[in-house]
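Here is a friendly walk through one protein chain, from its overall makeup to a few individual residues. Please keep the viewer open as you read.

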Amino acid sequence: MVQVLYQDLSNKDFNYYYIGIPRDWKGGKDDEVTVVVSDICVIIPQTISGATGELKVLRLLEAMMEGGVINAGDIQKAIEHIL
């Protein structure tokens, strides 16, 4: 299930922005996550934190496609450029 949330970043303190994650997110059952922040922010539940990078990339791409951020053609072009 992909849920797209649009949020403003007004909930912040001196060092961090605070974003809401739905309470029904299945990764929330872990009570611990890894947050990777670069040009994008990726939140990884501990249940898949030890998984291969392949699984994480595929889940990220799937979620981005379902959320309408990218399309399959963009992914194909990116992979062609990498290869």
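## Burial and surface

Of the 83 residues in the protein chain, 6% are buried. This is a predicted model, and the figures below are computed from its coordinates.

The chain exposes about 7200 Å² of surface, and carbon and sulfur atoms supply 56% of that area.

## Layout of the chain

The protein chain holds two helices and two strands. Reading from the N terminus, their order is β-β-α-α.

How many of the contacts between residues at least 6 apart in sequence join residues at least 24 apart? The share is 10% in this chain.

## Confidence

The mean pLDDT over the protein chain is 87, and 99% of the residues score at least 70.

## Helix α1

Helix α1 covers residues 53–66, which gives it 14 residues. From its first C-alpha to its last it reaches 20 Å, close to the 20 Å expected at 1.5 Å a residue. In an α-helix there are 3.6 residues a turn, so residues three or four places apart point the same way.

After α1 comes G68, a residue with a positive phi near 75°.

Is G27 buried or exposed? Its relative accessibility is 4%, so G27 counts as buried, the cut-off being under 20%.

V4 gives another picture. Its relative accessibility is 41%, which means that V4 counts as partly exposed, a class that lies between 20% and 50%. V4 also belongs to a nonpolar patch on the surface, formed with V2 and Y6. Together, V2, V4 and Y6 have about 330 Å² of accessible area.

Technical notes
Residues are numbered from 1 along each chain as its sequence is written. This is a predicted model: local features need pLDDT of at least 70, side-chain atom pairs count only at pLDDT 80 or more; totals for chains, interfaces and linings use all residues. Side-chain values use heavy atoms; hydrogens and water are left out. Helices (H or I, at least four residues) and strands (E, at least two) are DSSP runs, numbered from the N terminus. The expected span of a helix is 1.5 Å times one less than its number of residues. pLDDT is the predictor's confidence in each residue, from 0 to 100. Patches are made of residues with over 30% relative accessible area and no salt bridge: like charges are joined within 9 Å, nonpolar side chains (Val, Leu, Ile, Met, Phe, Trp, Tyr) within 5 Å. Accessible areas come from the Shrake-Rupley method with a 1.4 Å probe; for residues, only the protein chains shown count as cover. A salt bridge is a side-chain nitrogen of Lys or Arg within 4 Å of a carboxyl oxygen of Asp or Glu. Buried means under 20% relative accessible area, exposed over 50%, partly exposed in between (1.4 Å probe, protein chains only). Contact means heavy atoms within 4.5 Å.
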